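These are my notebook entries on a single protein chain.

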Amino acid sequence: MPEQTTTELDANGDVEVAASSSGQRPLTTTDIDERLAARRRRWPSFLVGLAIGGAATFGVTIRFDQSDDLSAAETQLAEVVELSTVEVSQRDLIEQVDWTGSLSAGQLTTILSPTAGTITASRDVGDTIGRGDIVVEIDDRPVVALIGAVPIWRDLSVGDEGDDVVQLETNLAALGFNADGDVRIDDTFTSATATMVEAWQEALGVDETGSVAQSDVVLLAGVSTVISAPTVGASVKDGAELLTIETPSVQIDVIGWEYTAATLGEVTWIAEPGTNVEHGTVLYTADGVDALAVLDVSPETQAVLDAMEGANIEELESVLRSLGYDPDEQMEIDDEADLATVAAIIRWQEAVGLPANPSPDRSDYVVIDEDEPYKVATQVAAVGDQLAGGALVVTLTSPTLALTADVSVAEVDEFAVGDVVTVKQVDETIFNAVVAEIGDTTTAGTGGGAATVEVVFEVTSEPDEFVSGTVTVTTESSRIDNAIVVPTRALVTLREGGFAVEVQNPDGTTRLVGIDVGTYDDGLVEVIDSELAPGDLVVVPS
């Protein structure tokens with residue numbers, strides 16, 4: 001009578017084949033492996049699943065050629081792990097390193113009191129203040145915020161001249177007090193300026209003097225948030241700390257036809273908000289002439305712009321010739337601009353990296369600080385508006401963000417100017433930046449820590465909101481482009497050494513293909529020196 005057997009897994013997961021009558025010991029996987037080896041199996045191998053980046057977990061599956069005449073126990077062992085296939089793929093393998101950085105989302109500024117007195121009205125912490133807003137009231141007289149960079153150092157009245165007059169007129173025009181264009185925005189405080197000031201004072205509910213006292217205004221670099229504010233009823237001294245503000249962006253105003261004597265000019269095009277301002281960017285077009293942003297102001301460029309500012313064509317032509325932009329001396333040095341003058345202007349523009357613009361008018365060249373990345377923020381004017389007597393056309397802003405990381409001296413070589421990084425904020429939002437500067441001085445470590453070097457970054461993409469505090473800066477330490485990869489669990493460790501993968505043929509059969517492995521990355525391994533190609537199917541455990 002044939003011997004009856006039962007097959008089951010023991011507590012260790014081995015297959016047991018128990019004989020009911022012979023009394024022989026149960027078969028184990030070792031017994032079966034030896035039996036199969038004696039039969040000279042076609043694919044003697046172990047399939048190993050590898051775990052990367054932590055405690056490794058290994059699952060070993062013995063593979064059998066089902067064409068062999070296996071016992072019931074051997075067949076059950078072969079079916080312990082089901083198999084499936086995945087495609088060989090091609091992708092970039094990137095090794096990343098995280099660094100701790102610091103983000104300051106706004107410039108902190110202390111505003112000093114322009115006069116002494118008692119605080120009779122104040123702002124709340126968290127309030128937003130901008131151009132024309134009342135910051136506080138001192139002895140019931142409002143102190144109003146203006147936007148600009150020229151220090152407020154004196155009282156202003158009819159007859160005064162200077163950049164602070166331009167700043168005042170620009171602010172009042174932006175607030176709507178020059179709707180009729182009666183005031184030319186320039187550096188002279190005229191009777192028309194006084195009339196505009198009186199209209200502003202009437203709106204504030206104060207005496208209409210037509211002059212502006214230094215104590216009436218404070219200066220902001222841009223729209224700001226109140227961080228600390230005085231208490232109503234408190235006394236304040238002239239020049240004492242009044243309040244602290246955080247300014248996320250510096251703002252500058254672009255005035256159309258600021259330097260020209262023209263009285264009318266129709267705006268036909270304005271740069272869209274969000275436009276990055278670079279050297280030569282067209283900010284607006286009026287009467288068919290482009291107004292260009294000038295960021296790179298060389299001595300030659302400054303000499304040309306100074307000559308243009310005086311609206312003296314003869315002086316401009318002399319400067320252009322002295323700088324070599326009239327090589328054949330085609331210009332007649334006089335007070336009229338002709339084709340030879342235009343040709344010299346264009347030669348200058350080509351030499352300094354500006355687009356061709358035939359205008360000899362200083363108003364068509366807007367000088368902007370090249371050290372700050374500006375964008376068009378708002379269109380104040382509109383297409384079809386007349387630039388009567390000069391007018392505010394657009395405002396530009398530049399973020400005051402400070403993004404840095406203190407990197408140990410031993411590791412600072414991981415950074416190079418121009419490297420692209422990603423930055424994760426505490427709220428999990430991510431934006432991009434580039435390495436802008438690597439410090440050349442070291443800071444001693446605290447508590448026995450390593451000396452560090454400051455790495456400064458420039459933001460290249462902005463999230464909806466910047467959050468001051470600690471950030472994670474991620475860099476690439478190595479990169480392999482277009483690597484051919486397979487899952488690590490597809491690796492077959494051969495008894496004779498090395499690795500292979502089991503490739504499925506078009507007819508459903510499989511074959512082993514030897515491979516050399518390279519970089520491991522997140523469950524994948526790079527395949528090098530192999531006949532594998534993207535799209536091939538390799539066997540993996542299910």
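Predicted model: local features only at pLDDT ≥ 70, side-chain atom pairs only at ≥ 80, totals over all residues.

**Entry 1: the pair α3 and α4**

Helix α3 (residues 163–174) packs on helix α4 (residues 191–204) at an angle of about 50°, and their axes are 11 Å apart. I count angles between 35 and 65 degrees as oblique, and α3 and α4 are therefore oblique to each other. I noted the crossing of α3 with α4 as left-handed.

I then looked up which residues make this contact. On the α3 side I found L168, E169, L172 and A173, and on the α4 side T193, M196, V197 and W200. Sorted by class, the contact of α3 with α4 holds six nonpolar residues, one polar and one charged.

**Entry 2: the pair α5 and α6**

I next turned to helix α5 (residues 299–309) and its packing against α6. Their axes come within 8 Å and cross at roughly 165°. An angle over 145 degrees counts as roughly antiparallel, and that makes α5 roughly antiparallel to α6. I recorded the crossing of α5 and α6 as left-handed.

For the contact itself I listed A303, V304, A307 and M308 from α5, which meet E315, L316, V319 and L320 from α6. By class, the contact of α5 with α6 has seven nonpolar residues, no polar residue and one charged residue.

**Entry 3: two residues with positive phi**

I looked up backbone angles for two residues in loops. D287 has phi near 50°, a positive value in a residue other than glycine. I placed D287 in the loop between β18 (282–286) and β19 (289–294). Is D287 buried, partly exposed or exposed? Its relative accessible area is 48%, so D287 is partly exposed; the cut-off for exposed is over 50%.

For E329, phi is likewise positive and near 50°, and this residue too is not glycine. I found E329 in the loop between α6 (313–322) and α7 (339–351).

**Entry 4: D290 in strand β19**

I followed strand β19 to D290, which lies within it. The relative accessible area of D290 is 27%, so this residue is partly exposed. Residues count as buried under 20%.

Which residues does D290 contact, leaving aside its neighbours within four places in sequence? I found V282, Y284, T285, N357 and D364. I also looked up the pair D290 and P358: they are 68 residues apart in sequence, and their C-alpha atoms are 9.3 Å apart in space.

**Entry 5: the chain as a whole**

I recorded seven helices and 32 strands. The chain has 542 residues, and 38% of them are buried. Of the contacts between residues at least 6 apart in sequence, 62% join residues at least 24 apart. The accessible surface of the chain comes to about 27,400 Å², and carbon and sulfur atoms account for 47% of that surface.

Conventions:
Residues numbered from 1 in each chain as written. Heavy atoms only, no water. Helix = DSSP H or I, 4+ residues; strand = E, 2+ residues; numbered from the N terminus. Buried < 20%, exposed > 50% of the residue type's maximum accessible area, 1.4 Å probe, protein only. Contact = heavy atoms within 4.5 Å. Areas by Shrake-Rupley, 256 points an atom, 1.4 Å probe, with all protein chains shown as cover. Axes fitted to C-alpha atoms, helices over the stretch in contact; angles between N-to-C directions. Parallel < 35°, antiparallel > 145°, perpendicular 65-115°, else oblique. Left-handed = near helix turned anticlockwise from the far one by under 90°. Nonpolar A, V, L, I, M, F, W, Y, C, P; charged D, E, K, R; others polar.
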